[in-house]
Amino acid sequence: MADNGKNRSEKTHYDAIVVGAGVCGIYQIKRLTDMGLDATVLDSAGDLGGTWYWNRYPGARFDSESYTYGYSFSKELLEEWHWKERFSSQPENLRYLNFVADKFDLRKHMQFNCRVEAAHYDEVENLWRVRVGDGRELTCRFLVLGLGLLSIPTLPRLDGMDDFKGQSFHTFYWPHEPVELKGKRVGIIGTGATAIQVIAEIADKVEDLVVFQRRPNWGAPLNNSEISDEEMADIRSRYDEIFAACARTPGGFEHEPDRRGFWEVSREERVALWDKLYDEPGFGIWLRNFREIFTDEKANAEFSDYIADRIRRRVKDPAVAEKLIPFDHGFGVQRVPLETHYYEAYNRDNVHLVDIKDTPIERVTEKGIRTSDKEFDFDIIVYATGFDAITGAFDRIDIRGAGGQRLRDKWQDGPSTYLGMFIHGYPNLLMPAGPQSGSASTNYPRGIEFGVNWCTDFIAYMMSHGYNRAEATPEAEESWTAHVAKMYSTMLMRKAKSWFTGYNSNVEGHEHGKIRYFVYNGGGPKYVSRANRVAENGYEGIEFAPGPVTGTGTRPAAAAE
Ligand code: NAP
């Protein structure tokens with residue numbers, strides 16, 4: 001249940017304000033309040049859950065194994081929660097996050113329907129002034145941003161979108177009330193990870209489905225299954241082992257890359273591995289593969305050909321199959337969508353693929369969509385057109401640091417951070433899972449838990465050392481950002497038209513070619529060891545200023561002698 005304003009009080013100052021009540025914000029508020037800080041979470045949504053609150057489209061589900069996605073911080077929680085599917089669906093994921101919030105009584109610290117419009121650093125008072133959509137100005141010492149990586153949906157810029165008389169929505173805003181699909185003619189724009197889930201799920205439920213594809217993606221089977229009581233008992237008994245494996249692997253999953261060299265084994269051995277991986281659950285096909293597929297054009301091309309053949313085997317009409325095979329990038333250089341009978345959906349008589357490279361969309365009309373070839377009538381248009389990823393949510397808030405510098409301006413050509421957690425010029429602002437952190441390219445909650453723990457320890461350190469202001473040095477930020485950028489140079493993904501490189505054709509300035517270095521590509525273990533080393537070395541790269549943490553309602557337990 002949403003708070004409907006009941007957590008809003010006359011109170012205007014907090015030790016910490018966390019923005020975002022998703023996977024990150026939920027755990028962050030727990031850690032901060034456990035430590036005795038007076039903290040609150042603000043979220044523009046009507047309730048908690050972030051991604052899993054918003055994305056209610058049919059087919060929305062994890063492609064991380066459910067039991068590697070959940071929080072690991074509480075043994076009790078791990079004992080109590082039963083994942084029902086290996087890749088759990090959105091309603092269940094949202095129930096899980098609500099279960100966590102209720103179990104630890106976190107909801108009382110959360111304020112919903114509170115859009116943060118601005119956050120300005122006040123140099124004189126050394127605090128953040130946070131303007132909320134409801135007209136309030138709140139202040140805090142620490143501003144912790146858990147804004148999500150993919151939380152700002154973007155629509156295409158097509159003529160006539162407001163003229164359409166039927167129902168239309170971006171997948172992110174799929175209505176909360178049930179959408180009647182039976183007997184409906186549906187058009188969907190996009191063939192990314194989201195569209196691939198929607199298409200497969202609704203193909204047999206609608207009267208007619210037309211998919212408008214600009215560029216195909218490389219999909220591979222999710223191979224989902226139910227988790228029985230016995231399996232769950234086994235998973236519970238192995239949680240330590242499972243999380244240890246996630247901590248060991250670059251992607252934060254149980255999937256470990258094949259350490260053999262691609263060219264050191266025979267073609268037969270390679271194909272044997274791929275045949276096995278194709279039938280296994282989850283991201284194995286991407287992450288248990290040879291490491292060369294990420295860096296070596298020839299190796300990537302050979303594997304892409306293998307997957308192309310798999311697509312050809314699954315789609316009956318050879319012409320349609322060819323259209324579903326990506327032509328401009330190899331497998332895995334963009335985020336790989338995992339699917340359940342996606343390709344088979346095109347074998348149905350009521351599903352049609354329109355290649356809008358050949359016949360571009362001219363406009364949306366009152367009745368549907370007109371391409372250069374014909375007019376399609378629809379009852380529903382679904383925009384599965386992606387997100388202003390990673391920095392979009394930062395750009396939507398008027399964030400100003402020391403000297404009034406706007407973050408939007410500073411990051412105009414791409415983010416620059418220290419460890420993905422700090423920004424020079426923005427004191428006491430923390431991002432547990434920010435751009436260029438270890439979270440963005442890994443199994444997100446694994447990165448988040450580390451980031452939240454690290455940031456919480458950092459705040460505790462400041463308090464116990466009597467510091468009230470901390471800021472990354474320009475040198476530390478410059479060197480981290482250069483390090484993140486350098487890692488792209490060896491990766492095939494640097495050329496991809498993907499949110500990993502900051503591409504979004506619907507946002508001005510985010511066109512392909514203007515690469516922005518969004519994600520840390522070194523993998524979880526390297527990131528964790530680097531961040532831990534920074535902490536062990538007294539938080540090198542951070543400049544602290546002394547002084548008590550003043551103006552707070554309560555004295556944090558962590559600061560008490
Ligand atoms: P996306 O991967 O960015 O895909 C957007 C799709 O819309 C692309 O096919 C794109 O074509 C198309 N598109 C955008 N603008 C268009 C336009 N103006 N005209 C025609 N086509 C247009 O977005 P997404 O599918 O929402 O996925 C984003 C990310 O969310 C994923 O990469 C993944 O990280 C996450 N996700 C995760 C899950 C999961 O955990 N299971 C599920 C869904 C999504 P172009 O490629 O030509 O631009």
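Ala, Val, Leu, Ile, Met, Phe, Trp, Tyr, Cys and Pro count here as nonpolar, Asp, Glu, Lys and Arg as charged, and the others, Gly among them, as polar. The model is predicted: local features need pLDDT of at least 70, side-chain atom pairs count only at pLDDT 80 or more, and totals for chains, interfaces and linings use all residues. Residues are numbered from 1 along each chain as its sequence is written, and side-chain values use heavy atoms, with hydrogens and water left out.

**View 1. The second largest cavity.** A cavity is a set of points, on a 1 Å grid over the protein atoms alone, where a 1.4 Å probe fits but cannot get out; lining residues have an atom within 4 Å of a point. Its volume is about 40 Å³. Volume means the space filled by probe spheres set on the points, and grid points are joined across faces, edges and corners. Gly-70, Tyr-71, Leu-77, Leu-78, Trp-81, Trp-83, Tyr-96 and Tyr-239 form the lining. Seven of these residues are nonpolar, one is polar and none is charged.

**View 2. The largest cavity.** The structure holds two cavities of 30 Å³ or more. The largest has a volume of about 80 Å³. Its lining has 13 residues, with Leu-147, Gly-148, Phe-394, Ala-433 and Gly-434 nearest the centre. Ten lining residues are nonpolar, three are polar and none is charged.

**View 3. The second largest pocket.** A pocket is an open set of points with protein on both sides within 12 Å along at least five of seven lines. This one holds about 320 Å³ of space. It is lined by 18 residues; Ala-247, Arg-446, Gly-447, Phe-450 and Val-528 lie nearest its centre. Helices are DSSP runs (H or I, at least four residues), numbered from the N terminus. At least two lining residues come from each of α8 (239-248), α16 (444-464) and α18 (524-536). The largest share, six residues, belongs to α16. The lining divides into seven nonpolar, nine polar and two charged residues.

**View 4. Helix α9 against helix α11.** The axes of α9 (residues 267-278) and α11 (residues 297-314) come within 11 Å and cross at roughly 50°. Contact means heavy atoms within 4.5 Å. On α9, the contact residues are Arg-267, Arg-270, Val-271, Trp-274, Asp-275 and Tyr-278. On α11, they are Glu-302, Phe-303, Tyr-306, Ile-307, Arg-310 and Arg-314. Six of the contact residues are nonpolar, six are charged and none is polar.

Methods:
Axes are lines fitted to C-alpha atoms, for helices over the stretch in contact, and angles run from 0 to 180 degrees between N-to-C directions.
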